[in-house]
Amino acid sequence: MAPLQTAGAGLRALWPRPRARPRARPRSTLAAALPRDDAAAAGAAPERDADWDSARPFSEIPGPRPAPLVGNMWRFILGDLRTVTPSELPRRFFNDYGPIMKLTNLPGRRDLVFCFDADASEKLLRNEGIWPTRMGLESLGYYRSLTPEKFEGAWGLVSTQGKDWATFRSAVNQTMMQPRNAKLYVGAIDTVSQQLINRMRLIRDEKNVMPDDFYNELSKWALESIMYIALDKRLGCLDNNLKPDSQVQRIITTVHAIFDCLFHLDVQPSVWKYVPTPAYRRMKKNMDWFYGIVFGFIEEAMQRLQRMSAEERDAHEYSVLERLLLRNENPRIAVTMALDMVTAGVDTTSNTSAVVMYQLARNPDKQRRLQQELDSVFPDPDSPVTADKLEQLRYLRACIREAMRVSPIIIGNQRMAVKDLVLCGYQVPRGTDVLCVHSEMVKEERYFPRALEFHPERWLPEGEHLKGTHPFAHMPFGFGPRTCVGRRFAQLEMETFLSKAFRNFNIGWTGAPLKRELRLLYSVASPLKFECVDRV
Ligand code: HEM
């Protein structure tokens, strides 16, 4: 990491109290998301599509018909959807109802339109306004609102809307999104990735096969990496003598549990808004512990910085927390962003890295081509990864992109319509939540020739014949001003680790086809049976 030039003056101003009085609650309800003035500011023109009057009414959008009193909940308990797993549900909806359908009348859940069509996805996203609204994860917003003193108005990005979201996003955007800022951490990520490579050599069996819980190793790598970037903190996740009941292991288990609970509370039918369900209580318990630990790390990082002399600070490699503290008057912005980085930065990059490895292991010809690229950029397998070298890895980036298409970790991208839209011939009124199910669109031959096959070439000029036909059919990091704020760090981490892994090993697959389950993210659900043989 490079020292930050502007350190001296900014650091004296660390930790002032925020001037603005904190709001009691994050804006996460529809009314709060688009109050009149904000809606105008967000570019939410009250107009409607020109073909509105000739479109079919919203009521005719197909979908499971709700029963009197019990709505659609019964279908998931006793009815036709009882045996359908969450992972199977999107395809089932598409097969049963076609390119657009709606799921209504679930307790505690806003009605949701599912859309499997890239033209409709384009129309929705291009009309999202400058403050796009993505409702969801309301339980997280609610949990935070219980302890407003910890957030002091800086509620974060994930579950906020309108002005709260926009103010926070503009405060963190430059630090988080500028590629040159992410590159500052390449040395740190190289160090962590090398540790995992060393560990892979140690933990493989006599046939060079990774242990069944190799996904846990990827989670540890992801946690160690994001802690280093966010807080300049080394947890020692990849130490060889780490105990199974260590704090690190508990952090990882807790992050998985939090994702699992959010899925139960905010995606599946749930009545947590009316009664504290077991999933809500489990989430609160896990959150209480996790926030306590991470707030402790943050406090430690702040104290470390305060104790430093001016010279030490100038020579110091700044974490994201510290950069955000220097840029923003309200220190809580840095704190909440660091907290969200640790929460969002484990399961996302570990699951994606797992599927890239899997696809390359199952496609040895693509792996060989990648290794040719890696051999020319890293003649010495032990040479460290640098930002310049990463620049040259075009085929690696294509492999990651293609693996994210074939095996995406997110179901799709959601927005609230901010004007009356016609989607797939139906009226979709302003204020409706629409989920563009990109995880199903990517399987469609009409959008990707040989859609079910892994062809990184389709992302390179030479793969013109395999190129996708619609840019709105595949959006792994989302779209527009609300796009994934951790994207640059995620890409840096994955490119660094994967380049080292395939430069060092020939990676094969020895198990049954990989299983994944939808738990907020599509997540690894069977052992990662990678065979990792040293390359000579
Ligand atoms: C392969 C890894 C990742 C993928 C595929 C991914 C994907 C996404 C997607 C699709 C969104 C929604 C974007 C939208 O609505 O347009 C999102 C939002 C977000 N992501 Fe990521 N993400 C990844 C890694 C990360 C990491 C490492 C972090 C933390 C450093 C992170 C933090 C966030 C946050 C805070 C948001 C909310 C942004 C906002 O609402 O303004 N993500 N991510």
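Modeller: Please bear in mind that this is a predicted model.

Colleague: How many of the 18 residues of α23 are buried?

Modeller: Of those 18 residues, 15 are buried, and α23 is thus described as mostly covered.

Colleague: At what angle do α12 and α23 pack?

Modeller: Helix α12, residues 214-231, packs with helix α23, residues 487-504, at an angle of about 130 degrees, and their axes are 11 Å apart. Because of that angle, α12 counts as oblique to α23.

Colleague: Is the crossing of α12 and α23 left-handed or right-handed?

Modeller: The crossing of these two helices, α12 and α23, is right-handed.

Colleague: Which residues make the contact?

Modeller: On α12 they are L218, W221, A222, S225, I226 and I229, while α23 contributes F489, E493, M494 and F497. The residues of this contact between α12 and α23 comprise 8 nonpolar, 1 polar and 1 charged.

Colleague: A change of topic: where is T352 found?

Modeller: T352 lies in helix α18, which covers residues 347-362.

Colleague: Is T352 buried or exposed?

Modeller: T352 is buried, because its relative accessible area is 3%, and the cut-off for buried is under 20%.

Colleague: What is T352 in contact with, leaving aside its neighbours within four places in sequence?

Modeller: With those neighbours left aside, T352 is in contact with M404, I409 and M494. M494 of α23 also takes part in the contact with α12.

Terms used: Residues are numbered from 1 along each chain as its sequence is written. This is a predicted model: local features need pLDDT of at least 70, side-chain atom pairs count only at pLDDT 80 or more; totals for chains, interfaces and linings use all residues. Side-chain values use heavy atoms; hydrogens and water are left out. Axes are lines fitted to C-alpha atoms, for helices over the stretch in contact, and angles run from 0 to 180 degrees between N-to-C directions. Helices (H or I, at least four residues) and strands (E, at least two) are DSSP runs, numbered from the N terminus. Angles under 35 degrees count as roughly parallel, over 145 as roughly antiparallel, 65 to 115 as roughly perpendicular and the rest as oblique. A crossing is left-handed if the near helix is turned anticlockwise from the far one by less than a right angle, and right-handed if clockwise. Contact means heavy atoms within 4.5 Å. Ala, Val, Leu, Ile, Met, Phe, Trp, Tyr, Cys and Pro count as nonpolar, Asp, Glu, Lys and Arg as charged, and the others, Gly among them, as polar. Buried means under 20% relative accessible area, exposed over 50%, partly exposed in between (1.4 Å probe, protein chains only).
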